[in-house]
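Trainee: Please show me the sequence and the model, and then let us go through some of the contacts.

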Number of protein chains: 4
Amino acid sequence: MARATLDETTSNSGLEAAIESTWFRNLITSLIIINAIILGVLTYSEFMSPPTVKTLQMLDHAITLAFVLEISLKLIVYRFDFFRSGWNWFDFIVVGISLVPGGVAFSVLRALRVLRVLRLLHVVPMMKRITEALLKALPGMGAIVAVLSLLTYVYAVMATNMYGNSTNEEVQQLFGDLPRSAFSLFQVMTMDGWRFEVVQKVIDDGHPWAPLFFLTFIFVASFAVLNLFIALVVDALAAEQKAATTDLLEDIEEDVEHAEEERDEILALLASLRSEMAELRAAVQENRARD
Amino acid sequence: MARATLDETTSNSGLEAAIESTWFRNLITSLIIINAIILGVLTYSEFMSPPTVKTLQMLDHAITLAFVLEISLKLIVYRFDFFRSGWNWFDFIVVGISLVPGGVAFSVLRALRVLRVLRLLHVVPMMKRITEALLKALPGMGAIVAVLSLLTYVYAVMATNMYGNSTNEEVQQLFGDLPRSAFSLFQVMTMDGWRFEVVQKVIDDGHPWAPLFFLTFIFVASFAVLNLFIALVVDALAAEQKAATTDLLEDIEEDVEHAEEERDEILALLASLRSEMAELRAAVQENRARD
Amino acid sequence: MARATLDETTSNSGLEAAIESTWFRNLITSLIIINAIILGVLTYSEFMSPPTVKTLQMLDHAITLAFVLEISLKLIVYRFDFFRSGWNWFDFIVVGISLVPGGVAFSVLRALRVLRVLRLLHVVPMMKRITEALLKALPGMGAIVAVLSLLTYVYAVMATNMYGNSTNEEVQQLFGDLPRSAFSLFQVMTMDGWRFEVVQKVIDDGHPWAPLFFLTFIFVASFAVLNLFIALVVDALAAEQKAATTDLLEDIEEDVEHAEEERDEILALLASLRSEMAELRAAVQENRARD
Amino acid sequence: MARATLDETTSNSGLEAAIESTWFRNLITSLIIINAIILGVLTYSEFMSPPTVKTLQMLDHAITLAFVLEISLKLIVYRFDFFRSGWNWFDFIVVGISLVPGGVAFSVLRALRVLRVLRLLHVVPMMKRITEALLKALPGMGAIVAVLSLLTYVYAVMATNMYGNSTNEEVQQLFGDLPRSAFSLFQVMTMDGWRFEVVQKVIDDGHPWAPLFFLTFIFVASFAVLNLFIALVVDALAAEQKAATTDLLEDIEEDVEHAEEERDEILALLASLRSEMAELRAAVQENRARD
């Protein structure tokens, strides 16, 4: 990330060095881990004395303040460049969530506070490597995921039209509207209780040919998922083996080129040798003519 | 696809250019997507005012007419060559389904109207690539799928004969006749509730050795599916790595051949050097003889 | 398979040619397929008129006789060599099963008659290739299967000792004795309803630490199965890529050896050229001395 | 493992040779297998006569003593080096467990006695190879397992906070506290009854957006597990193919270097040829000058 204007170079560079230093990263890592433990312990707040709970909550708020301070420092040093990094956006959002005043209406937001612990995924170098490798594999999946989504949508519309007007409560829960159909079809794709919890209910509701409908979906979806997996394996392997054999092959390529140079040298030497030989013969023949 | 007879070249070529143009394809793509949304919204027709539903249905019919027009244009331009492409057959069928007059008896056909949205799989270039790649992988599966089907058929006949005459209603539902046995065996192959929903019912119905029957089926079927998967991975990888290392190896192969040509040049030069030497020797000996 | 003694060469060779001919194999293939259909139709014997059932049963017996005749012919031609082929043993057994007189006590054996349809797996050449490829992959699995079996046995003994004395009927069904424990642990390995149908029952029976027991089993067994799969993939790929790149590399290896021969030729030529040069110099110097 | 001090060389070497000999290993293997069978039979102790049970228990104790003796011998021979090998620690612990006096309070420890049968995993050479190969693959999983654990912990805290205060008994069982939430989320990760046994219960308890929560978990966790698997496949394959092509490529590399040496030889010969030529020319010119 580029620095701010040169005017603030002096004070900023000191701040920047501090922010990018290892001790600072270790400090943040420790705070995140302590925060993770506190949030875990707080799930038992019913069984702890109110003072203990209060103390833990205050520690949690203190750490939240520390994170806000951390992000503020980064904003000061990097200014708008701060928002260039996806990881900074992630930090900004998960810490921001914690600043929303807590009230009953916001209990979900309060539950989302623990998402800040996921910061470990990019603060700890080893985890950052893995996470970025995982994220890099996502685009390769994009096309097949699009095909699977289209397939699921089409089957969901068909299922809702065919089975969605049932009086049977269970079938209504499965295919009553479009989102429910999509969810049930995803359940079938994961093969989780597909036969008796989904298909059999539809069969028993007066659709004896339902197995045909769901079996075609299972076959096509499983085949697409299988190929998705194979595409990922092939991509990973292709990159790996290119690196593996390339070194040795490039050495050989170098030697082969070097050999060509040497042979050119030999040809040149032979050619000059031949012309010298020709001159010599001329000289000898001259000698003879002289005599 | 080849053109029609040269007589209609002029008018057809204008039409053909229009049909194969990008704007036309984008138009069709947009119509399919709009149609997909309309069909999705229509699943909520119970909750919408009749005028809204009527409007959406009219839009749907309009788009259907547009697709019929599209196919007619293609038939005019390509004539019988239209039916050479599998994708055209697909379009022909899914649009044809929509033309069947809707009645209660045809509610399934009405539900199948949404299949036309799958046209996106070959109209959008990116999806077309993926879909055709998926279809290309099918033949490789053919043999193992045949083996699995044979195995399932044989086990289904055995299961129907052994367990199909049960008085127990649940066992009847599982193995009462051949199709039900095949379906239940497929369920066992997907390991979906195989132990308590299928095998335990048969055991409790007075067949204590049933686990042996189903375990052998699970082992053989799983092993076959595993090998099916491995065959697909190996096919995909073999093609990939052939491409990867072949380039570099072919460069080396070229260099090696080039080296051979150069060495032949060297040998030729040496040969001429040798004959020059011979002539020189002759000249020197002549000199000597003279003296 | 080697022939019988030379004495019977004449009559046998005609018979052997017939047995190994394509028309004979097609005949047998057709009989197996017809038999498969008959056995499938016979599962509906409750719904067919007795004469129809009788006819089908007679056709089945006729085909059984045909198979007995086929095997007898093979025994005559190949004698004891007949038993060298595993496939012949398979045919011998599955046809032999059909000869056991049917009685209520033998209803299972009667159900096993359909196993003869699996003969298609080695009679149809395409299926024979696949089946033999599948069988070849078995040994590679042997070691990990042994490890998994040992693990399951040990955990089964532990589970029977810890949970097998329960008064709870469901837990008794799961872990009451060693075979039941092994079966339930296999169910857990396939992750089929492991949480609520197996583990939760044990937890609710007064074993709060049961999750620890089953989770360790799941982790270790899944890890072993995963590595089993990877070993199979690697074996298949290693064989594949050896074949793929070896050709090109062996061509290069040949060229490199040929290049070496040529260079030896060049060296020899150069050496003889040099000695000729030396002789020439001697001759010239002699010339000089003469003068 | 290094020997003890040289002073005890004589007696120890005889003992060491005995311990490391094949017959000793076969003896131990046999004892472990017999012990395995005894422990398996003892699970049926309810159905056997007390004398039989007593005999089997005495045999079990005798074998335990044999193992204690075996370990003692190893301790005498290797002393503290005994504890250098992980497998020796394993033996030490599993045999040590058996020495704990059995009492009702220690019924779990008594059940753990059968763990000694797992000694086969390192005593039988074939199993030792497989087991050590499996253990070698563990580190490669470490990073992704850490990411998955972090993810599960964070989601478990969220789930406990959002759903853990339910009055519904089933939801309490699923997400009542942190360990239960983690267990339920692991169940969802294995896709075992996730839809109706977990997610539907939460939806019906008044959380209509629960599918969003669990679907994101399923997608991220499945994606991570998929990549874990791919990483293992790629590691195994990379090692395999490096070995496969490296041999042939190294042969080619050698030939290429050898070719370079030969060309240097050729260049040297050419150089000497050139100087010979120069001397010859000098001699011829001298000849001419003389005349």
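Mentor: D:Ser166 sits in the loop between α8 (138-163) and α9 (169-175) of chain D; helices here are DSSP runs of H or I, at least four residues, numbered from the N terminus. This is a predicted model, in which local features need pLDDT of at least 70 and side-chain atom pairs count only at pLDDT 80 or more, while totals for chains, interfaces and linings use all residues. Residues are numbered from 1 along each chain as its sequence is written, chains are lettered from A and ligands numbered from 1 in the order in which they are written, and side-chain values use heavy atoms, with hydrogens and water left out.

Trainee: Is D:Ser166 buried or exposed?

Mentor: Buried means under 20% relative accessible area, exposed over 50%, and partly exposed in between (1.4 Å probe, protein chains only). D:Ser166 has a relative accessibility of 12%, so the residue counts as buried.

Trainee: With which side chain does the side chain of D:Ser166 make a polar contact?

Mentor: A polar contact is a pair of N or O atoms within 3.5 Å; within protein, one must be able to donate a hydrogen and the other to accept it, and residues adjacent in sequence count only if both atoms are side-chain atoms. The side chain of D:Ser166 reaches the backbone nitrogen of D:Asn168 at 2.9 Å. Its side-chain partner, at 2.6 Å, is D:Asp205.

Trainee: Which residue meets B:Arg119 in a salt bridge?

Mentor: A salt bridge is a side-chain nitrogen of Lys or Arg within 4 Å of a carboxyl oxygen of Asp or Glu. At 2.8 Å, N to O, the partner of B:Arg119 is B:Glu70. The two are 49 residues apart, with B:Arg119 in the loop between α5 (107-111) and α6 (120-123) of chain B and B:Glu70 in helix α3 (residues 50-78). B:Arg119 is buried at 0% relative accessible area, and also buried, at 3%, is B:Glu70.

Trainee: How far apart are the closest N and O atoms of D:Asp60 and D:Arg113?

Mentor: D:Asp60 lies in helix α3 (residues 50-78) of chain D, and D:Arg113 in the loop between α5 (107-111) and α6 (120-123), 53 residues apart. Both residues are buried. Their salt bridge has its closest N and O atoms at 2.4 Å.
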